[in-house]
Amino acid sequence: MTLYWNQNIHTIGIKHLDEQHQQLFETLSRLHDSSHNGTIETEIPKIIDFMEDYSKKHFRDEETLMQEYNYQGLNEQQSEHAKFIAKIEEFKSAYATNGATINLALTIHNTLSTWLVEHISSLDRTMGLFLLEKIK
Ligand SMILES: [Fe+2]
Ligand SMILES: [Fe+2]
């Protein structure tokens, strides 16, 4: 399964958050490609670091907006975001122990893709609808 951005399903309507989601999707598809074209050795460590930094920034941006507008779903979002970061930490230690393997590349891709699609189309969408009402 490769990850594709689908405007209709994945857009939440807050431009900079949509762009960040897209960036996360693109990075995960690059990881998927790397498992087919022999570049995992160089790509896995770069992508793990990027996903960690970029998703932290993305979650911070979302949480700041939710705080600003007193969004009721903030706690649930925060605990879900923490789970995503914890998964990345697990992948980091798997990489430190076993190095770059195709299995690790695919596990990272599948786990984080599934989480993202699910999170964006449920919690982020609901948050987006709320914020759009407040911001306009
Ligand atoms: Fe998000
Ligand atoms: Fe979120």
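**Layout and packing**

Modeller: Read along the sequence, the protein chain follows the pattern α-α-α-α-α, where helices are DSSP runs of H or I with at least four residues and strands are runs of E with at least two, numbered from the N terminus. This is a predicted model, in which local features need pLDDT of at least 70 and side-chain atom pairs count only at pLDDT 80 or more, while totals for chains, interfaces and linings use all residues. Residues are numbered from 1 along each chain as its sequence is written, and chains are lettered from A and ligands numbered from 1 in the order in which they are written.

Biologist: How many strands are there?

Modeller: The protein chain has zero strands and five helices.

Biologist: What does the C-alpha trace span?

Modeller: Along its principal axes the trace spans about 45 × 25 × 20 Å.

Biologist: OK, changing topic: at what angle do α4 and α5 pack?

Modeller: Helix α4 (residues 74–98) and helix α5 (residues 102–135) pack at about 170 degrees, with their axes 11 Å apart; axes are lines fitted to C-alpha atoms, for helices over the stretch in contact, and angles run from 0 to 180 degrees between N-to-C directions. The two helices are therefore roughly antiparallel, a label for angles over 145 degrees, whereas under 35 counts as roughly parallel, 65 to 115 as roughly perpendicular and the rest as oblique.

Biologist: And which residues in α4 meet α5?

Modeller: Among them are Phe84, Lys87 and Phe91 in α4, which face a set in α5 including Leu112, Trp115 and His119; contact requires C-beta atoms, placed from the backbone, within 7 Å.

Biologist: What about the largest nonpolar core, which members touch the most others?

Modeller: Of its 15 residues, those are Leu28, Ile44, Ala105 and Ile108. Such a core is a set of buried Ala, Val, Leu, Ile, Met, Phe, Trp, Tyr and Cys residues joined through C-beta atoms within 7 Å, and buried means that 20 or more other C-beta atoms lie within 10 Å of the residue's own, with exposed at 12 or fewer and partly exposed in between. Helix α3 gives the most to this core, with five residues.

Biologist: What is Ala105 in contact with?

Modeller: Leaving aside neighbours within four places in sequence, Ala105 is in contact with Leu31, Ser34, Ser35, Ile40 and Ile44.

Technical notes: Contact = placed C-beta atoms within 7 Å.
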